[in-house]
Every structure is written in C-alpha cells, then in structure tokens.
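Me: I am new to this structure and would like a close look at a single part of it. A short account of what else is there can follow.

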Amino acid sequence: MYGKMKNHLAEELQNIEAAGLYKRERIITSPQKANITVEGREGKVLNFCANNYLGLSDHPRLIEAAKKAMDERGYGMSSVRFICGTQDIHKELEKAISNYFHTEDTILYAACFDANGGVFEPMFTEEDAIISDSLNHASIIDGVRLCKAKRYRYANADMADLERCLQEAQAQRFRIVVTDGVFSMDGNVAPMDQICALAEKYDALVMVDECHSAGVVGQTGRGVSEQFDCYGKIDIYTGTLGKAFGGAIGGFTTGRKEIIELLRQRSRPYLFSNSIPPAVVGASLEVFEMLAESNELHDQLVENVQYFRTKMIEAGFDIKPTQSAICAVMLYDAKLSQDFAAKMIEEGIYVTGFYYPVVPKDQARIRVQLSAGHNREDLDQAIAAFIKVGKELKVIK
Ligand SMILES: *Cc1c(COP(=O)(O)O)cnc(C)c1O
C-alpha cells in the first residue's frame with residue numbers, strides 16, 4: 001500500500017526543496033540562551049533567533065523551582081485537568097496569570113496553539129462573526145476554522161479595513177475582533193486602543209494573542225493593555241509560557257470569568273489533552289514571582305532593543321519601526337536574505353532570513369530577536385558582524 005504514497009511524498013519533498021522552502025534544523029548542544037553551542041561548529045554562537053525575550057530559558061531560579069516542584073509534586077500528571085490532572089499549583093499558576101494580566105480567571109493549556117484552537121468553537125456559532133487580522137498566527141487561523149462562525153479578515157492593523165468588516169458583520173448575533181498583540185515578522189504592535197474603540201462603536205468583543213507581546217511591551221512588560229491603557233476593554237487574552245515566560249511549554253487563556261468557565265466545560269484541547277507537568281507549573285510560578293519582585297529583566301530588554309536599533313540605524317540599515325523585541329532588518333531580496341544569514345552564522349551570529357511566502361514578495365529580511373539575556377558585548381558583536389557582512393554584500397556603504 002505504501003509504495004504509491006511513498007513516491008508521492010518523495011515528490012512533495014522534492015518540490016519543497018526545489019522551492020527553497022525546505023526547513024533544516026540546527027542542533028543545539030547547550031541549554032537555550034544567548035550563547036549556545038551548535039553541532040558542526042566550534043565554539044559559541046550568539047543566538048538572536050529565540051523567543052527568549054527575558055532571558056529566562058536557562059535561569060537558575062527556574063531550574064531550581066522546576067526541580068523543587070518535581071520533588072514535591074512528581075513528574076507527570078497522567079490525566080487531563082478535569083479528571084485528576086489538577087494540583088494545587090495548577091490553580092496557583094492560573095491565579096498568578098490572572099494577577100499579571102488583571103483579569104478575572106485563567107485556564108491553562110498544553111500550548112497556546114491549543115488555547116487558540118479551543119477558544120472559538122465553544123463560544124461562537126454560525127450566527128456569529130469572527131473578524132481576524134490578516135497576519136494573525138496560524139493557531140488562530142486553525143481555531144477559527146474549527147468553528148462555524150462567519151469569517152472576516154482585515155488587512156494587518158488597518159483600522160479602516162477593520163471598520164469595514166465590523167459594519168459588514170452587524171447582522172450577526174455576536175462579533176469578536178481577534179489580533180496578535182505583536183506580529184512576529186515586522187515586530188509591530190497591534191493598535192489596541194483603536195481596536196477597542198472600534199469594537200465598542202460596533203458592539204464587538206476583543207481578543208488578543210499576547211504570545212510575542214506579554215513580558216515585552218508596556219512600561220513594565222505587562223503586554224498590550226498596559227501599553228495602550230485598555231485594561232477592562234479586552235475580553236480574552238491568549239498567551240504562551242513558551243516565549244518570554246521561561247520558554248518551556250504551556251499556554252493559557254485569561255479574561256472574563258464566564259468565558260473561562262465555559263472553556264473549562266467545552267474547550268476540546270482542555271478536555272481531551274494532558275495537564276502541564278508539575279516542573280513546568282512550578283517554574284512558571286517562579287517566573288511570575290520574579291516579574292512581580294522586580295522590573296529588572298524587562299528594563300534590560302528595553303535597553304537592549306534601543307541600543308541595537310540605534311546602532312543599526314546609525315550604521316545605515318533599514319529597520320522596521322517597532323516597539324517590541326523583534327527587529328526586522330530589511331533586505332528586500334530573497335537570495336540576499338539567505339546569503340546574509342549564512343554569512344552571519346560564519347561570524348558566529350545566529351539569525352534567520354525570511355522571504356516569500358513567509359513575508360510578502362520583495363519584503364525579505366533578517367529577523368533579529370533581542371533578549372534581556374544578551375549583554376553589551378553580545379550586542380556589539382552582532383552589530384559588528386552586521387556591519388561587516390552588510391558591507392561585503394553592499395547593503396550598506
Ligand atoms: C508562538 C505563538 C503561538 C503558539 O504558542 P505555543 O505555546 O508555542 O503553542 C500562538 N500564537 C502566537 C502569536 C505565537 O507567536
């Protein structure tokens with residue numbers, strides 16, 4: 001039976017390769033952090049492509065807390081939450097997340113992919129409308145597909161287009177506007193103040209996916225509600241424990257209590273998938289403890305972003321404006337972005353080049369992700385490498 005399928009798959013794989021879209025994984029042989037070692041390369045590489053925004057991936061306090069939780073609560077939960085997969089620490093973590101976002105209640109998932117996959121279907125039917133930003137994450141797109149609501153799509157952060165969708169969707173029973181907080185390719189922040197104002201005008205709920213924004217944007221990194229002062233106006237937040245908040249695994253939905261209560265009853269990835277393990281819960285509790293104690297990590301991140309951007313602009317690079325920790329160094333040409341990234345790794349700097357179809361045609365770029373874990377020398381080394389390669393490839397003078 002497999003013979004025909006095997007040939008078909010081999011052909012598909014060849015097509016992926018021929019289109020230059022084949023993804024090869026680099027093997028890291030150290031903990032995830034600013035300085036990593038990778039297979040096939042001597043010495044350290046500086047990592048500028050992890051979502052390790054607060055530098056917590058290898059933080060000793062988290063490792064200690066994970067070990068302690070494992071000692072006290074064991075290794076695995078062997079259950080979904082509602083049968084016998086809820087420990088006291090799972091409830092504590094949900095409370096800590098609600099405190100952080102100033103929300104009423106929180107529900108944990110195995111990943112934010114699941115949070116987004118399980119949020120729409122329990123709440124919305126064919127009578128309703130979901131109005132989604134065109135650059136929203138794949139997991140939002142999939143979540144919307146799993147529900148029968150009417151779909152509307154507006155151009156990225158385009159408020160006139162959102163307003164058009166809201167007007168068209170007035171016939172539906174309920175409407176919800178859904179957006180990423182920070183968009184991962186440009187690093188732009190969704191204009192939440194304007195989105196909330198339009199939602200109010202046209203009687204819609206608001207949902208934001210805070211995966212790249214929580215821990216990063218806002219005066220103390222509390223995310224988009226802090227940045228735009230729209231506390232109380234956002235009904236649903238989804239987020240991940242796999243980026244700024246330690247980088248392990250786990251996701252959550254936080255917001256209005258009736259919504260969270262309904263999700264506990266009806267959300268399929270919650271009802272039919274395992275509980276997150278005690279070690280991750282314990283370490284995540286420590287993350288929120290640390291962020292409550294001090295703003296040091298977030299301040300460091302902001303300082304690093306500002307330093308990097310200023311130096312890169314001074315050097316003549318074309319950088320997309322951003323208020324997040326994602327910095328898009330625009331090269332426009334697809335091949336140039338790949339050559340540039342390859343030369344950067346030779347210089348010991350690990351960055352990724354993105355081009356069509358991941359970003360629009362002629363919008364190829366190098367994406368740099370900054371972290372509180374980078375020190376000044378790391379940043380200077382990366383900037384020096386950008387300048388060297390930029391001159392070699394005639395991107396800058
Ligand atoms: C990373 C990401 C996700 C998925 O999060 P996981 O917890 O890794 O599943 C969802 N939405 C956005 C916007 C993301 O950036």
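Which residues does Ser-79 touch, not counting residues up to four places away in sequence?

Reply: This is a predicted model, in which local features need pLDDT of at least 70 and side-chain atom pairs count only at pLDDT 80 or more, while totals for chains, interfaces and linings use all residues. Residues are numbered from 1 along each chain as its sequence is written, and side-chain values use heavy atoms, with hydrogens and water left out.

Ser-79 touches Cys-84, Gly-85, Asn-274 and Ser-275, once residues up to four places away in sequence are set aside; contact means heavy atoms within 4.5 Å. Ser-79 sits in the loop between helix H2 (60-73) and helix H3 (81-84). Helices (H or I, at least four residues) and strands (E, at least two) are DSSP runs, numbered from the N terminus. A polar side-chain atom of Ser-79 is 3.3 Å from the backbone nitrogen of Gly-85. Ser-79 counts as buried because its relative accessibility is 8%; buried means under 20% relative accessible area, exposed over 50%, and partly exposed in between (1.4 Å probe, protein chains only).

Ser-78 also belongs to the loop between H2 and H3, but Ser-78 is exposed, at 72% relative accessibility. The phi angle of Ser-78 is near 50°, a positive value in a residue other than glycine. Lys-394, in the segment after H15, likewise has a positive phi, near 60°, without being glycine. Lys-394 is exposed, with a relative accessible area of 71%.

Helix H15 (residues 376-392) holds Phe-386. Phe-386 is buried, at 1% relative accessible area, and its contacts beyond four places in sequence include Phe-308, Met-312, Phe-317 and Val-329. Between the C-alpha atoms of Phe-386 and Pro-269 there are 43 Å, for a separation of 117 residues in sequence.

Another backbone feature is the cis peptide bond that joins Tyr-356 and Pro-357, with omega at about 10°. Pro-357 lies in the loop between strand S12 (352-354) and strand S13 (364-369).

The ligand has 13 residues around it, of which Cys-112, Phe-113, Asp-209, Thr-240 and Lys-243 are the closest; a residue counts as near if one of its heavy atoms lies within 4 Å. Helix H5 (residues 112-117) gives the largest share of this shell, three residues. A polar side-chain atom of Lys-243 is 2.5 Å from an oxygen atom of the ligand. A ligand oxygen atom lies 2.8 Å from a polar backbone atom of Cys-112, and a polar side-chain atom of His-137 is 3.3 Å from a ligand nitrogen atom. The ligand alone exposes 380 Å², and the protein buries 83% of that (Shrake-Rupley areas, 1.4 Å probe).

The structure has zero disulfides, a disulfide being a pair of cysteine sulfur atoms within 2.5 Å. Cys-147 is buried at 4% relative accessible area, and Cys-165 is buried at 1% relative accessibility.

How values were computed. A polar contact is a pair of N or O atoms within 3.5 Å; within protein, one must be able to donate a hydrogen and the other to accept it, and residues adjacent in sequence count only if both atoms are side-chain atoms.
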